[in-house]
Amino acid sequence: MTAALLPPLLAQAESFLGLFYRENRLDGLDDRLNAVQKEVARTGQYTLSNDELTHGARVAWRNSARCVGRLPWPALAVRDLRQVTRPDEIFGHLLTHLHEALNDGHIRPVISVFGPGVRIHNPQLIRYAGYVQPGGEIIGDPATVALTAHLCRLGWKGGSGTRFDVLPLAIESAGSIHLYELPAHAVREVALTHPEIPALGALGLKWHVLPVISDMSLEIGGQVFACAPFNGWYLGTEIAARNLADTERYHQLPEVAQALGLDTSRSRSLWQDRALVELNVAVLHSFDAAGIRISDHHAVTRQFVRFEHQEARAGRAVRGRWSWLVPPLSPATTPVWHRQYVDGDESPRFMHGQDVWADLQETARCPFH
Ligand code: ARG
């Protein structure tokens, strides 16, 4: 959404504060609106209270049409870091975020809202590098090739060259960009094993346990926070049916099928489908064994239907994008397959900008190890 399409700041402030006072059954909306009007007249901006920010961030999650895991939206922990704009401090707070979110495996949804003029170039705090080799082959995650090149151009020397090298963070503040390597203790990972098939464990696959989206802006009452990384916990299919399985990502189904001893010469043997199921079993099993919170697609979709009922009782419409809500594995076995959703974008919201590096002319390649 471009700024020109948005109503003026005061109208957006009124609409959000109306929602905040209504949903929390508070008195004093008129006084608050008067104060905001004066502040906007004087400064062109207004300041959300800590409670307003907290509620706004939770409602932005509640409004996320693509998210199937919205039931626990009131439990989002909101870290008010609007005074923080110095890169070193931001990085320190990001480490604390990762620690508090991990919570010894009982992963908590957390958002950290930073001050103006700050953005993080990485789409997630934890991502694996994608290195293009001279022959065109990619080591690591093909989804991060452009990001990896961008970070190299910013001065990163590259990692050790494995399929799972954690990328450094590029934190931009007041126009200058700083790179930070995440220490190993900040990045919890789970190595994949299968409860019955040791050969699957021998493939050396793993994934990091925290998905922390760091390239979406948070908009509340017309105010936009460009640096507001947030996390939930993984849904098994995100890792097993997409990140590790997609042909444009880690493309591991042929290896998994081989570990299972399947006939991969004919697609009609359904080797891809069988490999996919066992890879999903492996991810859920491995996270469970490691004591790390993870959802499965059956439970999370049932919870989503509960969320819909809960919202209906509260008199609110749920927006949803069907193609994102249905899981990529056994979709028709889950209740969302059989339901219809109206997509839409309501405020407060999370918004996507353009990739930071998309408009930069970059040719740098990471040194291959
Ligand atoms: N699909 C993304 C990934 O695999 C994560 C998106 C957010 N997921 C979540 N469970 N909060 O990394």
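Author: A helix here is a DSSP run of H or I, at least four residues long. This is a predicted model. Ala199 is found in helix α6, residues 198-201.

Reader: Why is Ala199 called partly exposed?

Author: The relative accessible area of Ala199 is 34%. Buried means under 20% and exposed means over 50%. The value for Ala199 lies in between, so the residue is partly exposed.

Reader: Which separation is found between the C-alpha atoms of Ala199 and Ala259?

Author: The two C-alpha atoms are separated by 5.2 Å. Along the chain, Ala199 and Ala259 are 60 residues apart.

Reader: What makes β2 and β13 a pair?

Author: Strands pair if DSSP finds at least two bridges between them. Two bridges join β2 (residues 110-114) to β13 (residues 230-231), so these strands pair. They run antiparallel. Ile111 has Phe230 in β13 as its bridge partner.

Reader: In what order do the four strands of the open sheet stand?

Author: The order is β1-β2-β13-β10, and the pairing is mixed.

Reader: Why are β1 and β10 at the edges?

Author: β1 (77-81) and β10 (212-213) each have a single partner strand, so one side of each is left without a neighbour in the sheet.

Reader: Which residues are around the ligand?

Author: They are Gln124, Arg127, Pro211, Ile213, Gly232, Trp233, Tyr234, Glu238 and Asn243. By class, this shell has four nonpolar, three polar and two charged residues.

Reader: Which residues touch the most other members of the largest nonpolar core?

Author: Leu210 and Leu279 do, in a core of 54 residues. Several elements each supply at least two residues of this core, among them α4 (87-102), β6 (169-173) and α8 (253-260). Helix α9 (271-290) is also one of these. It gives the most to the core, with seven residues.

Technical notes. Residues are numbered from 1 along each chain as its sequence is written. This is a predicted model: local features need pLDDT of at least 70, side-chain atom pairs count only at pLDDT 80 or more; totals for chains, interfaces and linings use all residues. Side-chain values use heavy atoms; hydrogens and water are left out. A residue is near a molecule or strand if one of its heavy atoms lies within 4 Å of it. Ala, Val, Leu, Ile, Met, Phe, Trp, Tyr, Cys and Pro count as nonpolar, Asp, Glu, Lys and Arg as charged, and the others, Gly among them, as polar. Buried means under 20% relative accessible area, exposed over 50%, partly exposed in between (1.4 Å probe, protein chains only). A nonpolar core is a set of buried Ala, Val, Leu, Ile, Met, Phe, Trp, Tyr and Cys residues joined through side-chain atoms within 4.5 Å.
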